[in-house]
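Please look over the following chain together with its model before reading on.

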Amino acid sequence: SVQAEEKPASKIGELDPEMAERKRAGDGLAWYDVARWGVEGRILPELERKRWFDRLPAAADGKVTNAVWNLSRHSAGMMVRFKTDATAIHVHYKLLNPNLAMPHMPATGVSGVDLYARDDERKWRWVQVTRPSSQEVKTQLVSDLAPGFREYAIYLPLYNGVEFLAIGVPSKSQFEALEPREKPIVFYGTSITHGACASRPGMVHTAILGRRFDMPV
């Protein structure tokens, strides 16, 4: 199997020991906070932000229009990668806005997180997407996965923000965090580039091209 080259990802318990202890006791899962190793699609990650998952740095507030600032608080275009041999994968995240869907766009695209996996030929295959019904989501994304240590990617919500996102796997499973890749393809555009009106975050054309060329976006 592939061995981790960096230190294991920190568990969410390092941020909130009391909450993490309750999770470990109640669900038998190990939780990993994705902010500990980073997501792709997060521009200028070295600059200070009001919220970790904001796309623009805090200094942009007041220097761009209110419409642009509000859109920049969405996690559109962000994707996190990891490897695990777990046969079940869980997610726990909280959304910035209580409006989970729009009249012309479903909650799966607006507020869902979208899971993909690499197959034996290293091609990306869709696995599952969350169907949020509340502002805080804690759910099993998939179970009964075939045995094997493989790479996964989770795309973040398109028209909502994320307060935190943690990935949960059975406590005895192997887990390796994959840091964001360098030299991305860069897109700049309209609401179509933002993600309107994809049914899932992984179905935006920028995400499709990222998988096709196997490059960060």
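Is Asp 27 buried, partly exposed or exposed? With a relative accessibility of 26%, Asp 27 counts as partly exposed, where buried means under 20% relative accessible area, exposed means over 50%, and partly exposed lies in between (1.4 Å probe, protein chains only).

## Basis of the model

This is a predicted model, in which local features need pLDDT of at least 70 and side-chain atom pairs count only at pLDDT 80 or more, while totals for chains, interfaces and linings use all residues. Residues are numbered from 1 along each chain as its sequence is written, and side-chain values use heavy atoms, with hydrogens and water left out.

## Salt bridges

A salt bridge is taken here as a side-chain nitrogen of Lys or Arg within 4 Å of a carboxyl oxygen of Asp or Glu, and the count by this rule is 13. Asp 27 pairs in this way with Lys 138, their closest N and O atoms being 3.4 Å apart. The two belong to distant parts of the chain, Asp 27 to helix 1 and Lys 138 to strand 6, 111 residues apart; helices (H or I, at least four residues) and strands (E, at least two) are DSSP runs numbered from the N terminus. Lys 138 is partly exposed, at 46% relative accessibility.

In a second pair, Arg 200 and Asp 114 bring their closest N and O atoms to 2.7 Å, linking the loop between helix 4 and helix 5 with strand 4 across 86 residues. Both Arg 200 and Asp 114 are buried.

## Helix 5 and the segment after it

Helix 5 spans residues 205-213, and its buried residues are Thr 206, Ala 207, Gly 210 and Arg 211. They lie on the same side of helix 5 because they cover an arc of only 135° around the axis, an arc taken from the directions from the helix axis to the C-beta atoms. Among the elements covering these buried residues are strand 4 and strand 7, whereas the face turned away from the buried side carries the exposed Arg 212 and Phe 213.

Asp 214, which follows helix 5, has a positive phi, near 55°. Its side chain meets that of Arg 181 in a salt bridge (3.4 Å, N to O).

## Strand pairing

Two strands pair if DSSP finds at least two bridges between them. Strand 8 runs antiparallel to strand 1, joined by 5 bridges, and antiparallel to strand 3, joined by 6 bridges. Within strand 8, Ile 167 stands opposite Tyr 32, and Ala 166 is the bridge partner of His 92.

Terms used
Contact means heavy atoms within 4.5 Å.
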